[in-house]
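The stops below are meant to be selected in order.

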Amino acid sequence: QVQLVESGGGLVQAGDSLRLSCAASGRTFGSRAMGWFRQAPGKEREIVAAMDWSGAKTYYADSVKVRFTISRDIAKNTGFLQMNRLKPEDTAVYYCAAGRRLYSGNYYLSPDEYNYWGQGTQVTVSS
């Protein structure tokens, strides 16, 4: 079993940076693909960034490319989403997720490919 707890959200101004953390319990977190999703009010949950289990392959939504970076610290059993040059349209609840499969060489874009989720952390960007 993997349990995930996000932190690091908050209220910031446009142009600021935030680093979201995803603290995991369970020994298999580092062996699973990881994804960050977000959901704004009235909108569907969308993929923001994803990586395969090793970090060799990463994906970023066009809207966050260059500004956001996904990473993981195996020793700390923690995932991260570094968010720079934040925009008001980045306002949402952000969720981290761990994939169903162990040691998969792929990243995944669909929420259905993840079976472990955190509770979410609110990010609000004012203009």
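**The disulfide**

The model is predicted, and it holds 1 disulfide. Select C22 and C96, whose sulfur atoms are joined at an S to S distance of 2.0 Å. The pair links distant parts of the chain, with C22 in strand 3 (residues 18-25) and C96 in strand 9, 74 residues apart. View along the S-S bond: the angle about it is 65°, and the link is right-handed. Are these two cysteines buried or exposed? Both C22 and C96 are buried.

**The salt-bridge network**

Next, display the charged side chains; the structure holds 5 salt bridges. Select R38, E46, R67 and D90, which are linked in a network of salt bridges. Within this group, zoom in on E46 and R38, where the N to O distance is 2.7 Å.

**A bridge from strand 9**

Move on to R101 and E113, which form a salt bridge with their closest N and O atoms 2.5 Å apart. R101 lies in strand 9 (residues 92-102) and E113 in the loop between strand 9 and strand 10 (114-117), so the pair ties together parts that are 12 residues apart in sequence. R101 is partly exposed, with a relative accessible area of 40%. E113 is also partly exposed, at 23%.

**K65 and D62**

Now select K65 and D62. How far apart are the closest N and O atoms of this salt bridge? They are 3.0 Å apart. D62 has a relative accessible area of 66% and therefore counts as exposed, the limit being over 50%. K65, with 43%, is partly exposed.

**The nonpolar patch**

For the last stop, switch to a surface display and select W53, L102 and Y103. Together these residues make a nonpolar surface patch of about 310 Å². Where in the chain does W53 lie? W53 is found in the loop between strand 5 (46-51) and strand 6 (58-60). Its relative accessibility is 31%, so W53 counts as partly exposed.

Terms used
Residues numbered from 1 in each chain as written. Predicted model: local features only at pLDDT ≥ 70, side-chain atom pairs only at ≥ 80, totals over all residues. Heavy atoms only, no water. Patch = residues over 30% accessible without salt bridge, like charges linked within 9 Å, V, L, I, M, F, W, Y side chains within 5 Å. Areas by Shrake-Rupley, 256 points an atom, 1.4 Å probe, with all protein chains shown as cover. Salt bridge = Lys/Arg side-chain N within 4 Å of Asp/Glu carboxyl O. Helix = DSSP H or I, 4+ residues; strand = E, 2+ residues; numbered from the N terminus. Buried < 20%, exposed > 50% of the residue type's maximum accessible area, 1.4 Å probe, protein only. Disulfide = S-S within 2.5 Å.
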